[in-house]
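Subject: the structure, and what turned up in it

Hi,

Here is the structure I said I would pass on. Have a look at it first, and then read my notes below.

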Amino acid sequence: MKPTASERGLALVCALTLMVAAMVIGVAITRGAFVLLASARNERDRDVAQAAAEAALRDAEHDIAGAAGVPPGRAAHFGAAGGHVFTDDCGQGTDDLGLCRARSPPAWQTLDLADAENPALVPYGRFTGAALPVGRGALPARLPAYVIERIAPAGATAQMGSFYRVTAIGFGTRTSTRVVLQSLVRLPPPAEGAGGEHGHGNDGDEGHDDGNDDAHGRNSGNGSGDRPPARPPERRPPERRLPSGRIGWREIANWDELHAHAGP
């Protein structure tokens, strides 16, 4: 029995439907693959930017600590005697570049950290001499940069040293990909740790002659003639000190919004 014309038309419709379904599935798979590829590329680019920002934080911490290679004029600005060089507008000179005074809103919000022409930003390696290749392949598109603010945390005293807030920006293989990191750094006073343990508490009472023993070594202060047993010396717990260098850090994921609100 031969198929009728209507049956031959139904087979064509079924074949076309299967072809369309296969095309839809293929397009969906292809789009999904491209989305995953783009996501992986963006994640890798962000990792590059974060590593660059971390490198800038380390460079700034070496700058504050006066590491080898930092000019003496720059190193002299950090510590108890260097507070006057930190200004509201941030330094833009040879030795005071990127040094800002804590204010409200803070400099890390008002300054455009992403502007390569910003005269208040310290590019990576400016004072330490460190080098970072950029601009090709999987390397950052631009050098990371940072600013340093001198701050006074609540409860901090001069004996604790000086405190600084470092804000650094790093870029991925594209300048549109950027990560902003911030760290709190403590520079201890020069005298900290120079001496040993001072004082011995009650340890100095051991073997002390109170003048109440007679010539035979008996205690004449009580009628028994027996000296009471000496109490063990009190041991004080070791004094807790803040660590020098980096105390903590964070990522400022919403820096763009904060900068937009703090701007003029």
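How many bridges join strand β3 to β4, and do they run parallel or antiparallel? Seven bridges join β3 (residues 145-151) to β4, and the two strands run antiparallel. Strands here are DSSP runs of E with at least two residues, helices are runs of H or I with at least four residues, and both are numbered from the N terminus. Two strands count as paired if DSSP finds at least two bridges between them.

Before going further, some housekeeping. This is a predicted model, where local features need pLDDT of at least 70 and side-chain atom pairs count only at pLDDT 80 or more, while totals for chains, interfaces and linings use all residues. Residues are numbered from 1 along each chain as its sequence is written, and side-chain values use heavy atoms, with hydrogens and water left out.

Back to β4. On its other pairing, ten bridges join β4 to strand β5 (residues 178-187), again antiparallel, and a hairpin of six residues connects β4 to β5. Nine of the ten residues of β4 (residues 162-171) are buried, so the strand is largely enclosed by the rest of the structure. Buried means under 20% relative accessible area, exposed means over 50%, and partly exposed is in between (1.4 Å probe, protein chains only).

Q182, in strand β5, is buried because its relative accessibility is 5%. Its side chain makes a 2.9 Å polar contact with that of T167. (A polar contact is a pair of N or O atoms within 3.5 Å; within protein, one must be able to donate a hydrogen and the other to accept it, and residues adjacent in sequence count only if both atoms are side-chain atoms.) Not counting residues up to four places away in sequence, Q182 also touches, among others, L57, W108, R165 and W249, contact meaning heavy atoms within 4.5 Å.

L113 is in the loop between α3 (107-110) and β2 (122-123), and at 1% relative accessibility it is buried too. Leaving aside neighbours within four places in sequence, the contacts of L113 include T167, I169, F171 and W255.

Now the charges. With a salt bridge taken as a side-chain nitrogen of Lys or Arg within 4 Å of a carboxyl oxygen of Asp or Glu, the count comes to ten.

- R74 and D63: the closest N and O atoms are 2.7 Å apart. R74 lies in helix α2 (residues 72-75) and D63 in helix α1 (residues 5-65), so the pair ties together parts eleven residues apart in sequence. Both R74 and D63 are buried.
- R165 and E149: their side chains meet at 3.0 Å, N to O. R165 is in β4 and E149 in β3, so this pair ties together parts 16 residues apart in sequence. E149 is buried, at 0% relative accessible area.
- D256 and R178: the N to O distance is 2.9 Å. The pair links distant parts of the chain, D256 in helix α4 (residues 255-262) and R178 in β5, 78 residues apart. D256 is partly exposed at 41% relative accessibility, and R178 is partly exposed at 36%.

One last item: salt bridges that share partners join E54, R58, E61 and R246 into one network.

Cheers
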